[in-house]
Structures are given as structure tokens and as C-alpha cells.
Amino acid sequence: MTSEVQHLPGQEQAEPDEPQGQPAPPPAPHTTAGKIADLQRRRDEAIHAGSQRAVERQHAKGKMTARERIERLLDPGSFTEFDELARHRATDFGVAANRPYGDGVVTGYGTIDGRPVCVFSQDFTVFGGSLGEVYGEKIVKLMDHALKTGCPLIGINDGGGARIQEGVVALGLFAEIFYRNVVASGVIPQISLIMGPCAGGAVYSPAITDFTLMVEGTSHMFITGPDVIKTVTGEEVSFEELGGAHAHNVKSGVAHYQAPSEDDCLDFARDLLSYLPSNNLDDPPALAPASDPAAALEITAADEELDTLIPDSPNQPYDMHDVISRVLDDGEFLEIHALFAQNILVGFGRVDGMSVGVVANQPMHFAGTLDIDASEKAARFVRTCDCFNIPVLTFVDVPGFLPGTGQEWGGIIRRGAKLIFAYAEATVPKITVITRKAYGGAYDVMGSKHLGGDINLAWPTAQIAVMGAQGAVNILYRRELASAADPDALRAQRVTEYEDTLANPYIAAERGYVDAVIRPAETRGQVTRALRTLRSKRQQLPPKKHGNIPL
């Protein structure tokens, strides 16, 4: 008969001597300790789903892994993962023997600057990041969660498209994702980071989202790759030329930002979110304004520099960035689409601590004329601001729409109408400042009072007219100039008369088309006052399913 030895409190039971250097035996699998150890093993497998060799290849290309990107993007320690232990259920073509945890995509939620966000990150080290049924289901679940909780969705794309071994199921999940992109559009901000290949049907999810960011040298987007193009058309083109970051930021306008590195791309995404609300029912995040509200209205030395910015010659350009930087808080302007359609500028900044979206003609490129690309670029940006309750601040120096058969046959009428549609349907506060030229239909299009501008201002250098003085004089006085002894002197005289009579802001001011003519130095203060009074703006369009924008 054995007897039990009882130990008094504070006493320690002597442990039998163990051989030095021998690892402790693993706990029995059916004990609690064994089950915890099994969970930890599975977690480790999920975290290291890709082979070490695949990870090394990823790093050799200058690319982070899926988890490294999430860690770099989110606030430290804030990430909570969904479906870490999910695995595919496919059996064909030998994939049944290879069922890594996570199935090639990491999904979950965390915070950026303390604000909740949902994020998925495709893992190129697992099946080349290709999308299968379970992979797609993970993203769909995350998107549903983002929509239910009203938080932004960030997708980090680095994958090979649909997983061939899973066939139509993969295609079906792509469509499920597209559907949710559309449902979430205008409800929560959606940002796509292209950090590797994104081909075939995979490109359409980023195309629907609000912003697409790419990385030089490692990002590629295309419907059909170079090999297929060569087979079908005989055209030879490289991956970079066809769908690299430069191609989509400069030529196609598909991407909104070209990052020199992955770190920069992730930083830009964080900066972008700092101007956007979590959803369409929230106001954009605001920084604390100056402690003395009156001090923010005082004219500074930087403000006074605007008084000498506009050249005396109407044909001499100036950089509209110089205007924008003197109106926005701390001169900080987060430009979007900077390399595409450079005749118009769009981006985010703050005035009096409040987020604003800026749209501005750029006289440095094509004299600031509106063309097809500029019209679509600005229209999309205005609609984005309207979705997310961000006031639109417009700076106007536009001589008209770009003439030419290429523009007419390319659909400038339909595409320019998109900008009209965007401004007219926007119900957010709209403030417009005319700095110099506002000619013809382009005057109407650029946030005019007639399209619902709330506060419209003009500098004394503004020229608001049907067309420029030179063109108008050539039409109005064609016969007189043809018979004049000195046509050049007569033309100069008539141009001066035209400018004094029509090409100024005062006729528009007399009719209330501009609310005030102001010194350029007063612009920041006037815009600040306007935003303060428009904080309580409430406007609704007539009830309808949706408008029919001329796509």
C-alpha cells in the first residue's frame, strides 16, 4: 500500500535529476499542454507558410513578405488575424498534398494612427499568391467585416491571379470580391497597394477601389501579359513597359501614386488615410486649429507673396503649386495622380485643420487647358471627395478645352461632361478661387456658381469671358483689321478695350457670379472663413436610384 506525501505551503517538491543537455519530452498530445503545443505548432506553420527559399527570393527582389508589409503598415502590435488556419479544399492536379495554412493570403484588422482599418496582404511565397476558393473566401469575409464596422479597407496585392488548379471556383470568388468592391464604393475608403504582379481578372478589384498605389520596378498590372500579346498581335513589350508603375501613373492613369520603394508606398497609404473619414457617415479627421481663431485670418508674409505671383503677361505661366502651398496649412499638399494629366492638379490638404480636396488648373502644362485626361482625373477626384464629406477647393486658371481632332474624336464632349456632372452632383462645401483665366465653357466646368459653387472668389487678375482677348478681337473686328493701315496697332487697341470691358472679374461680380473680388494675399483667410461658415451645410439631391454619369 502506497502512501501520499503531502507538501505544506511554501515547500517545493524535489525534482528528480534529469540528464544534462536532454530536451524535455513533448507533452502527451491529448493533454491540455499537448493541445496548446499543437496549436502553437500550427500557428508557426501558418506564419512560415512559404518556404525559406521563397522568402529569400522575395527579399532579393526588394519586396517584403505579406506579414512584413502588414507589420510595417499598421500601428505596432495592433494586428488581429482572421482565418490564420484556413486551408484549401482542392484535390485536383496534385494540390491535395500541399495545404499550407492561410492559403496564400493574410487577412485581419488593426489600426493606423489609432483608427481601425481592415487589411489583406497576398503572399507571393505561397502558390505565387494565386487566388483559390478559400483564399477568396477569406478576403470576402474581411470585406464584409469592413463594411459592417464602417472602417477603411486596404488590399496589398502581390499575386498571380486565379489559381488554375481550382478552375471556375477561383473565378467565382473574384466576382464575389468585385461585387463587394462596388457595394462598398462610396461607403468606406478602399485603397489598393500593388506590390508585385496583378494580372488578368485580379486587376479589376484595384480598378474599382478609390486609390491605387504602385511601386517602381516591382509592380505590374495588365489584363493580358507580354507573352499573350506577342502571340495574338505580334507586338513585343516588356512587363515594365506594358504595366509597370510608370506606365500606369503616366500613360494610363490607372494608378494614383508611383512609389520609389515599398516603405514609401506604405507611408503614402498612411498619409492618405489621415485625410479620409472611416466611412461616409463620419467627418474627415481634423487637426486642432490655431488656439486663436482670429490669428489664423491675419495676412502673413507668405500670403503677401501671392500679390506678385501672377505675371503681367497673360501668356506667361506660373506654378499653381505656389498658390496651393500658401493656402493650405503648413504648405502641405498630398498630391494624387501627380504624373498623369499634369495640366490639372488634385490632392488633399488642410485649411484651419480641416481636410480639403484641391482641384487646380496648372498653367505650367498645356497652359492649364482641360483635355480628356484632365477632365476625367478631376471628375473622379471631385466625386471621391463628395463620397467622403471632404470640401472641394478649386483654383481656376483655364483658357478653355484643348482643341484638336484627337480630342474631339476621343470624346472630349462626353468626357468633359463628366466634370460638369461631378461638380453639379457634389453636395459637400465647394469653394472656388479664379486666379486668372476662366474662358468659355471651361469657366462653367471648374466649380462655377452656376454648378452649385457655395463661395466663389476672384482675384483682380481674373479674366472671365467667352474667350481670350486676342481670339475675340480677331473675330469681332475681322473686317476692320483686314482693311486697317496698321492692323497690329489696331489689334492692340481693340485687345485693350476688350480686356477693360469684358476680360475682368467685375461684370461677374456685379451679377453675383463671384461673391467677392479679393486681394491674392487675402485668399487663405477668405477660404478659412468660407470653410467655417460651410461646416453646417446641408444639401440633398432629389430622390433617385443614381444619376447617369456620361461614362
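**Cores, sheet and helices of the predicted model**

Leu193, Phe348 and Val359 touch the most other members of the largest nonpolar core, which has 64 residues. A nonpolar core is here a set of buried Ala, Val, Leu, Ile, Met, Phe, Trp, Tyr and Cys residues joined through side-chain atoms within 4.5 Å; buried means under 20% relative accessible area, exposed over 50%, and partly exposed in between, with a 1.4 Å probe and protein chains only. Another core, of 28 residues, lies apart from the largest one and includes Phe120, Val140, Ile177 and Phe178. The model is predicted, with local features requiring pLDDT of at least 70 and side-chain atom pairs counted only at pLDDT 80 or more, whereas totals for chains, interfaces and linings use all residues. Residues are numbered from 1 along each chain as its sequence is written, and side-chain values use heavy atoms, leaving out hydrogens and water.

Beyond its neighbours within four places in sequence, Leu193 is in contact (heavy atoms within 4.5 Å) with Ile154, Gly155, Ile156, Asn157, Leu213, Cys265, Leu266 and Ala269.

Seven strands form an open sheet with mixed pairing, in the order β1-β2-β3-β4-β5-β7-β9. Strands (E, at least two residues) and helices (H or I, at least four) are DSSP runs numbered from the N terminus, and two strands pair if DSSP finds at least two bridges between them. The edges are held by β1 (80-82) and β9 (257-259), each with a single partner strand, so one side of each has no neighbour in the sheet. From one strand to the next, the twist averages 20°. Strands β3 (residues 115-122) and β4 (residues 153-157) pair in the parallel sense over 4 bridges, and Phe120 has Gly155 in β4 as its bridge partner. Helix α3 (residues 66-73) packs on the sheet, where it touches β1, β2 (105-112), β3 and β4, and its direction makes about 160° with that of β3. Such angles run from 0 to 180 degrees between N-to-C directions, the axes being lines fitted to C-alpha atoms, for helices over the stretch in contact.

Helix α4 (residues 133-149) contains Val134, Tyr135, Gly136, Lys138, Ile139, Val140, Leu142, Met143 and Ala146 as buried residues. The cover over the buried residues of α4 includes β1, β2, β3, β4, α5 (168-184) and β5 (190-194). Just after α4, Gly150 takes a positive phi of about 70°.

Helix α14 (residues 405-409) contains Gln407, which is buried at a relative accessible area of 15%. The side chain of Gln407 reaches the backbone nitrogen of Ile372 at 2.9 Å.

Methods. A polar contact is a pair of N or O atoms within 3.5 Å; within protein, one must be able to donate a hydrogen and the other to accept it, and residues adjacent in sequence count only if both atoms are side-chain atoms.
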